[in-house]
Amino acid sequence: MHFLSEELENYVEQHSQNEPLLLAQLNKETYQKVLLPRMLSGHFQGRVLSMLSKLIRPTNILEIGTYTGYSALCLCEGIQENGILHTIDIKEELVDFQRKYFDKSPWGNQIFQHLGEALEIIPTIDLKFDLVFIDADKENYINYFNMIVPKMNRGGIILSDNVLWSGKVLEEVHPNDVSTKVLLEFNKLVNEDERVETVLLPIRDGLTVSRVL
């Protein structure tokens with residue numbers, strides 16, 4: 001669902017920083033070779049992730065949902081020289097694709113890939129995070145959030161993607177639509193949770209920014 005007209009979206013992209021060449025190549029190859037390429041963060045949202053990371057200057061980043069690695073590389077644009085990004089995904093067939101582009105970037109040695117269920121992997125990462133990006137199965141958004149908050153540094157930022165869910169958050173929810181039900185609960189939770197302050201940005205499919213207090 002487009003919340004802005006295609007013409008206005010094009011204008012926004014044209015008046016934002018250009019997509020770096022490596023990300024443009026990753027974008028193109030994703031559309032050529034990988035299923036569901038619209039899952040990619042893409043030019044505009046990628047520049048938003050990059051800008052937020054550059055403002056935060058994180059040392060430790062966690063990404064839940066790697067896909068083909070586009071958003072991970074955007075988040076790395078603001079990482080400290082000694083920083084580390086841990087990224088988790090369940091799709092084994094994408095690991096080599098991700099690594100190819102990670103190693104072409106300046107941050108290949110700073111990016112650690114994890115294959116498996118995020119709820120099992122996150123407790124094994126003994127770090128406090130400055131920046132987290134949640135972009136995985138919507139059914140577990142609340143579980144991810146509650147697991148992550150205690151592992152955040154004070155003032156750390158949690159970004160949550162797809163929180164408008166193609167506008168389904170405003171529609172009558174089908175009884176079998178678990179994803180929309182959870183996202184409605186999640187949006188209420190992060191807005192009311194006293195551990196964070198939150199703003200929901202109508203960027204692409206909705207991006208929530210939550211700052212840990």
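Which residue forms a salt bridge with Arg47, and how far apart are the closest N and O atoms? In this predicted model, local features need pLDDT of at least 70 and side-chain atom pairs count only at pLDDT 80 or more, while totals for chains, interfaces and linings use all residues. Residues are numbered from 1 along each chain as its sequence is written, and side-chain values use heavy atoms, with hydrogens and water left out.

The partner of Arg47 is Glu77, with the closest N and O atoms 2.7 Å apart. A salt bridge is defined here as a side-chain nitrogen of Lys or Arg within 4 Å of a carboxyl oxygen of Asp or Glu. Because Arg47 lies in helix α3 (residues 42-56) and Glu77 in the loop between α4 (70-76) and β2 (84-89), the pair ties together parts that are 30 residues apart in sequence. Helices (H or I, at least four residues) and strands (E, at least two) are DSSP runs, numbered from the N terminus. Arg47 counts as buried, at 6% relative accessibility; buried denotes under 20% relative accessible area, exposed over 50%, and partly exposed in between (1.4 Å probe, protein chains only).

Across the whole structure, the search finds nine salt bridges. One of them joins Glu192 to Lys188, whose closest N and O atoms are 3.0 Å apart. These two residues are four apart in helix α8 (residues 178-192), so about one helical turn separates Glu192 from Lys188.

A salt bridge also links Asp193 and Arg195, at 2.8 Å between the closest N and O atoms. Asp193 is buried at 11% relative accessibility, whereas Arg195 is partly exposed at 32%.
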